[in-house]
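Welcome, and please load the model in your viewer. We will go from one selection to the next and say what is there.

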Amino acid sequence: MELLVIFISALLINNFVLHYFLGICPFIGVSNRLDSAISMGLAVTFVMSIAASASWLIYYLLLVPYHLEFLEIVSFILVIASLVQVVEMFIKKTSPPLYQALGIYLPLITTNCAILGVALLMVLKKYNFIESLVFSVGAGLGFALAIVIMAGIREELEFADVPETLKGAGITLIVAGILALAFMGFSGLV
Amino acid sequence: MNLWKEFIKGWWKENPVFVMVLGTCPTLAVTNSVRNAIGMIAAVAFVLLGSSIIVSLIRKMVPNQVRIATFIVVIATFVTMADRYLAAYYPDLSRALGPYVPLIVVNCIILGRQEAFASKHGVLESIMDALGMSIGFGIALILMSTVREILGSGTWLGMKVLGHWFIPWQVMILPAGAFFVFGFLVWGFNAVNKAFKG
C-alpha cells in the first residue's frame, strides 16, 4: 500500500515536470513530435530507474559508512554520467533496434536534471531501496506521460494561429501551465 | 571595450533564461518569492564564476575527450561548497531551496558557458562572461519572482506592497503560475527584441 502511494504520488500528484520543474529542457526541446517524445520518455524512465538504484547503493553502502555524505553531488553526477555511457554501449551491442529508437536521446539524458533530481530526492525523503526503485519508475513514467501529452498538444498547435513571437518556448510554457492546473486535480487522490 | 561587450551581452541580447531558454528548472522552481530567488542567484553566480575561472585556467591541460567530465567535476565541487555554506549559515533558505541547490550541477547555463566560452577564452574574458551571464540570470529570476510574489501574496521581499483590498492570486505561487509567468515573459522578450531589430 505504501509503495502504491509513492508510485501514484510520483506519477501524477508530484509529477516531476509539472510539480518539481525537473527535466524542463527536454520537455520543451523534444516535445514537438509524438514519436520522439515517446522514445525520450522511455529512455528517461529506463535510465532513471537504473541510476536511482545505483545511486542508492553508492550512498548507503559507501558514502554513509565512511561519513562522506558531502561527496553526494559529485558521486551522483559521476555515477549518472558513466551509467549513461555504459547503458548506451550495452544497448548498442545487444539490441540495435532499441538503440535506433533511443540512441540519440541517451547522451542528452546526462544533463537531464530529472535523473539527478530523483537521486537527490530519494536521499532527502529517506526511502529504502525498494521504495527508491518504485519512486524512480513512477517519476520516469510521470515524465513520459507529461512529455507525451505535451507532444500531442503541440502537434495540434501546428495548425493554430499562434503569434510569431509566442511560437516555440513561449506557447509551450503556457500550455504546460494549463497542464499543471489540470494535474492539480489529482492532488486529492492520496 | 571587448571585455565590456562580453559583460553586457548576457543582460538582454543573449539573456540565458529568456532568449536561450537555459536553466529553466531553477527559474520556475524557486521564484515563488524574491528571497528564494536572491539565494539562488547568489549560488549560481558563485558556481559560474568559480568554475569559469578554473576551467579557463586549465583549458590547455585538459584533453578534448574528457573535457565534459572535467567540467562537471569542477562544477560539482563548487556546487558542494555553495550547498554546504548555505546549509551552515542560512539553514532556512537552504531548506526552502531544497534539492535545487545541488541541482545547479546540471544547470545548462553553467555547463553551457564552460563549453561555449570559458574553455576557449582567457581568464579575464571568462570572468566578464560569467559575471554578465549571472546578471542576466539574476534579471530573469528577479523579474519572475517579483511578478509571482506581488500577484501571489501581495508582498515584495516580505514587505506588503498591495493593500487590504487585494485578494492574492493563489495560482501564482503554485507551479502553474510559474509556467504562465515564464511563458508570458519569454513572449515579451521576443516581441521587444523583434521590434528593435525590425
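A polar contact is a pair of N or O atoms within 3.5 Å; within protein, one must be able to donate a hydrogen and the other to accept it, and residues adjacent in sequence count only if both atoms are side-chain atoms. This is a predicted model, where local features need pLDDT of at least 70 and side-chain atom pairs count only at pLDDT 80 or more, while totals for chains, interfaces and linings use all residues. Residues are numbered from 1 along each chain as written, chains are lettered from A in the order written, and side-chain values use heavy atoms, without hydrogens and water.

Start with both chains. Between chain B and chain A, three residue pairs are in polar contact, both residues at pLDDT 80 or more. The interface has zero salt bridges (a side-chain nitrogen of Lys or Arg within 4 Å of a carboxyl oxygen of Asp or Glu).

Next, select helices H2 (24-29), H4 (67-89), H6 (108-118) and H8 of chain B: each gives two or more residues to the side that touches chain A. H8(B) gives the most, 13 residues. Helices here are DSSP runs (H or I, at least four residues), numbered from the N terminus.

Stay on H8(B) and pick Val192(B), which is found there. Val192(B) is partly exposed, with a relative accessible area of 33% (buried is under 20%, exposed over 50%, partly exposed in between, with a 1.4 Å probe and protein chains only).
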